[in-house]
Amino acid sequence: MTVITNPQPDSDVYKTLLESTRAIPWRIDWKTMQFSYIGPQIEELLGWRPESWVSVDDWAERMHPDDREFVVNFCVSQSQEGIDHEADYRALTKDGDYVWIRDVVHVVRKDGEVEALVGFMFDISERKKTEQQLIDMKQKLEELSFKDSLTGIANRRMFDTILDIEWTHATRNRQPLSLIVLDIDYFKQYNDHYGHIKGDECLKQVATVLSEAATRFKDFFARYGGEEFVFILPETDTKSAQKIADRCLKLIAEAQIPHEFSDVSALLTISMGVDTVIPDRDIEPVEFIERVDRLLYKAKQAGRNRAEFGSGGQGC
């Protein structure tokens with residue numbers, strides 16, 4: 001395998017930094033389809049020595065047969081188009097086991113042509129185990145009474161369970177976790193004037209509308225209680241959480257649910273508290289929930305039909 005030689009000044013420093021991370025850096029020459037570099041971390045993760053990664057054939061052959069065709073075709077097509085991309089697949093270890101890998105790929109172009117692919121491999125086995133836990137839990141949603149009987153979405157009990165799982169994952173991996181707590185503005189007035197049957201219909205409609213706001217599999221949406229709803233957004237930074245909150249406001253506005261007895265608008269509106277945390281082991285989830293609740297209260301005090309955002313990214 002070709003190894004980078006004649007490094008420029010400070011390249012040894014950069015190389016040391018790359019090889020001290022858990023992510024595995026690599027580079028493939030597009031013309032020859034051969035690895036010009038792969039980090040030594042690959043041996044610790046998969047057991048294959050760096051010099052055994054000669055060409056893309058080695059990469060493809062060390063992939064689970066069920067993943068190979070789709071991942072290879074996808075990566076090749078995206079690379080040909082010059083599009084940066086990422087792909088998840090199971091990589092074969094030297095001992096015959098499989099490890100879930102995420103390849104994040106950057107396409108290097110020169111004079112309009114693809115010159116090389118550079119990227120990082122990440123071990124996402126733990127994330128996949130967590131996702132499988134969530135799949136199993138969602139499949140048991142009915143039998144374990146984790147479903148809100150009125151709206152059909154998850155209930156407070158399910159929220160508590162999912163938050164515990166995601167909090168542990170975020171703490172272990174030092175990743176951001178975002179929370180949105182929202183409720184319907186002047187819902188008591190809605191019930192008083194339209195009646196509780198109409199109020200129940202309104203809650204069901206709001207739940208259906210807001211279910212479209214966050215679309216990733218790992219995003220979680222539940223009825224927190226009464227007219228209050230909540231989103232748990234794993235691996236989501238402050239900026240991304242704000243986008244989802246803005247989408248919630250937009251979706252509710254587009255639904256045009258009448259509420260002529262609201263002091264905000266002739267149409268139904270919502271207020272939200274939004275914040276992000278990178279949990280520490282000394283922080284309890286309830287502290288974070290209380291912080292987001294205070295932001296929701298602040299949004300109401302500021303006139304409702306809005307979101308109030310926290311500083312994000314820090315411990316409570």
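User: Which residues in α5 meet which ones in α6?

Analyst: This is a predicted model. On the α5 side the contact residues are E126, R127, T130, Q133, L134, M137 and K138. They meet M158, T161, I162, I165, E166, H169, R172 and N173 in α6.

User: What's the class breakdown of that contact of α5 with α6?

Analyst: There are 5 nonpolar, 5 polar and 5 charged residues in it.

User: And at what angle do the axes of α5 and α6 cross?

Analyst: Roughly 175°, and the axes of α5 (residues 125-139) and α6 come within 11 Å. An angle over 145 degrees counts as roughly antiparallel, and α5 and α6 are therefore roughly antiparallel to each other.

User: OK, α10 next. How do α6 and α10 pack, angle and axes?

Analyst: The angle between α6 (residues 156-173) and α10 (residues 285-301) is about 110°, and their axes are 11 Å apart. The range for roughly perpendicular is 65 to 115 degrees, so α6 and α10 are roughly perpendicular to each other. Their crossing is right-handed.

User: Which residues of α6 and α10 meet there?

Analyst: F159, L163 and W167 from α6 meet P285, F288 and I289 from α10. By class, this contact has 6 nonpolar residues, with no polar and no charged ones.

User: How many bridges join β6 to β9?

Analyst: 8 bridges, with β6 (residues 177-184) and β9 (residues 270-277) running antiparallel. As one of the pairs, L177 has V277 in β9 as its bridge partner.

User: Now the other sheet, the one with β1. What's the order there?

Analyst: The order is β2-β1-β5-β4-β3, again an open sheet of 5 strands, with antiparallel pairing. Its edge strands are β2 (34-38) and β3 (85-92), and each pairs on one side only. Neighbouring strands here are turned by 30° against each other on average, direction ignored.

User: What about β3 and β4, how many bridges?

Analyst: β3 and β4 (residues 98-110) pair over 8 bridges in the antiparallel sense. The bridge partner of R90 in β4 is W100.

User: Which strands does α4 lie across?

Analyst: Helix α4 (residues 65-80) lies across β3, β4 and β5 (113-123), and runs at about 150° to β3.

User: Changing topic: how many aromatic pairs does the structure hold?

Analyst: It holds 12. Y190 and Y194 form an aromatic pair with 4.5 Å centre to centre and 40° between the planes, a tilted arrangement.

User: Where do Y190 and Y194 lie?

Analyst: Both lie in helix α7 (residues 187-194). Y190 and Y194 are 4 residues apart, about one turn of the helix.

Conventions. Residues are numbered from 1 along each chain as its sequence is written. This is a predicted model: local features need pLDDT of at least 70, side-chain atom pairs count only at pLDDT 80 or more; totals for chains, interfaces and linings use all residues. Side-chain values use heavy atoms; hydrogens and water are left out. Axes are lines fitted to C-alpha atoms, for helices over the stretch in contact, and angles run from 0 to 180 degrees between N-to-C directions. Helices (H or I, at least four residues) and strands (E, at least two) are DSSP runs, numbered from the N terminus. Angles under 35 degrees count as roughly parallel, over 145 as roughly antiparallel, 65 to 115 as roughly perpendicular and the rest as oblique. A crossing is left-handed if the near helix is turned anticlockwise from the far one by less than a right angle, and right-handed if clockwise. Contact means heavy atoms within 4.5 Å. Ala, Val, Leu, Ile, Met, Phe, Trp, Tyr, Cys and Pro count as nonpolar, Asp, Glu, Lys and Arg as charged, and the others, Gly among them, as polar. Two strands pair if DSSP finds at least two bridges between them. Rings of Phe, Tyr and Trp (its six-membered ring) pair if their centres lie within 6.5 Å; planes under 30 degrees apart count as stacked, over 60 as edge-to-face and the rest as tilted.
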